[in-house]
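I opened the model today to look up a few local features. My notes follow in the order in which I made them.

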Amino acid sequence: MSAQTEVPTPSFSVPPGEHAGKEEAPRIVPVRRTGRWAAAVAVLLLLAGALVSVVRNKAFQWDVVGAYLTTDSVLRGLGLTLWLTGLVMVLGFALGTLLAVFRLSGNPVLRAVSWGYIWLFRSTPILVQLLFWFNIGALYPQILGVDTVNLLSPIAVAVIGLTLHEAAYAAEVVRGGILSVERGQLEAAQSLGLGPWRRFRRIVLPQAMRSIVPPAGNMLIGTLKGTSIVSIIAVQDLLYSAQLVYHRTYEVIPLLLVATLWYVAITSLLSIGQYYVERHYARGTAGAR
């Protein structure tokens, strides 16, 4: 027998990179999230059912709501609410900024006075404060020869009570914003010869506003809704205007809905404004969006 000789099979070597390049990329299969989608559908169905129930429920009297939504008395109450909110926020933050400076001062007397003010007004309900100022004439019938009963009208009492209350919270908001600025930047600005006011205006304030704006926006919205409490001392704000109408017509639910719709509309606008203000002060940081 003749020995059979094997013919060698030629082998071709493929460079590793070239071989890898011809391979197909692995197929990525998304994770099925059946439970998440089922929960979302269930929530949407519940919300749709609740919305249909509210719209079709005749007890809400939506025709009465539409009739009173833009009446003169309601719009006057809305205007007073907005005016009171703006004035209280301006005065409250002005006094709160002063209290924050006192709290950060090296003077122990100023620190103690600021701490005591914040402690007192944050520990007392706003309703108690308003009623106290409303009855201030029982304690001090005259101040500097002026009759306090004629001096403090219900609107003046509302401004004083709300401002002193908001200032205590504004002081902590401003203090937290100032403390958020790194100490090294202040020392660098001081080494460059910048005075205290220029350091505060050019270095501290722009950076502190990033921490001040979010809680300040929440305070603004809270103050807008909190002004409804002045109806207890007969200040004709939005809620009190609605109450005057339903005390006459006995249509309580529709008039409460009128006040609710206006509060929701104004709060939504303030939330949009807060978003853009926050984005403005967050420029150049990770919080910008």
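I began at the end of helix H11, where I found Tyr250 following the helix with a positive phi, near 65°. Helices here are DSSP runs of H or I with at least four residues, strands are runs of E with at least two, and both are numbered from the N terminus. I noted that this is a predicted model, in which local features need pLDDT of at least 70 and side-chain atom pairs count only at pLDDT 80 or more, while totals for chains, interfaces and linings use all residues. Residues are numbered from 1 along each chain as its sequence is written, and side-chain values use heavy atoms, with hydrogens and water left out.

**Helix H11**

I looked up the span of H11, which covers residues 238-249. Its 12 residues reach 17 Å from the first C-alpha to the last, close to the expected 16 Å at 1.5 Å a residue. The expected span is 1.5 Å times one less than the number of residues.

Which residues of H11 are buried? I listed Leu238, Leu239, Ser241, Ala242, Gln243, Val245 and Tyr246. Buried means under 20% relative accessible area, exposed means over 50%, and partly exposed is in between, with a 1.4 Å probe and protein chains only. The cover over these buried residues includes helix H3 (62-68), H4 and H12.

**Thr267**

I then moved to helix H12 (residues 252-281), where Thr267 lies. Is Thr267 buried or exposed? Thr267 counts as buried because its relative accessibility is 16%. Leaving out residues up to four places away in sequence, Thr267 touches Ile221 and Leu224; contact means heavy atoms within 4.5 Å.

**Salt bridges**

I searched the whole structure for salt bridges and got 2. The term needs a side-chain nitrogen of Lys or Arg within 4 Å of a carboxyl oxygen of Asp or Glu. Side chains of opposite charge can pair when their charged atoms come close.

Arg103 counts as partly exposed because its relative accessibility is 21%.

Glu172 also forms a salt bridge with Arg175, and the closest N and O atoms are 3.0 Å apart. Both of these residues lie in H8, 3 residues apart, about one turn of the helix. An α-helix has 3.6 residues a turn, so residues three or four places apart point the same way. I wrote down Arg103, Glu172 and Arg175 as a network of salt bridges.

**Aromatic pairs**

How many aromatic pairs does a search of the whole structure find? I got 5. Rings of Phe, Tyr and Trp (its six-membered ring) pair if their centres lie within 6.5 Å; planes under 30 degrees apart count as stacked, over 60 as edge-to-face and the rest as tilted. Phe132 and Trp133 are edge-to-face because their planes are at 80°, with ring centres 5.7 Å apart. Tyr275 and Tyr276 also form an edge-to-face pair, 5.1 Å centre to centre with 75° between the planes.

I checked accessibility for two of these residues. Trp133 is partly exposed at 23% relative accessible area, and Phe132 is partly exposed at 43%. I placed Phe132 in helix H6 (residues 126-134).
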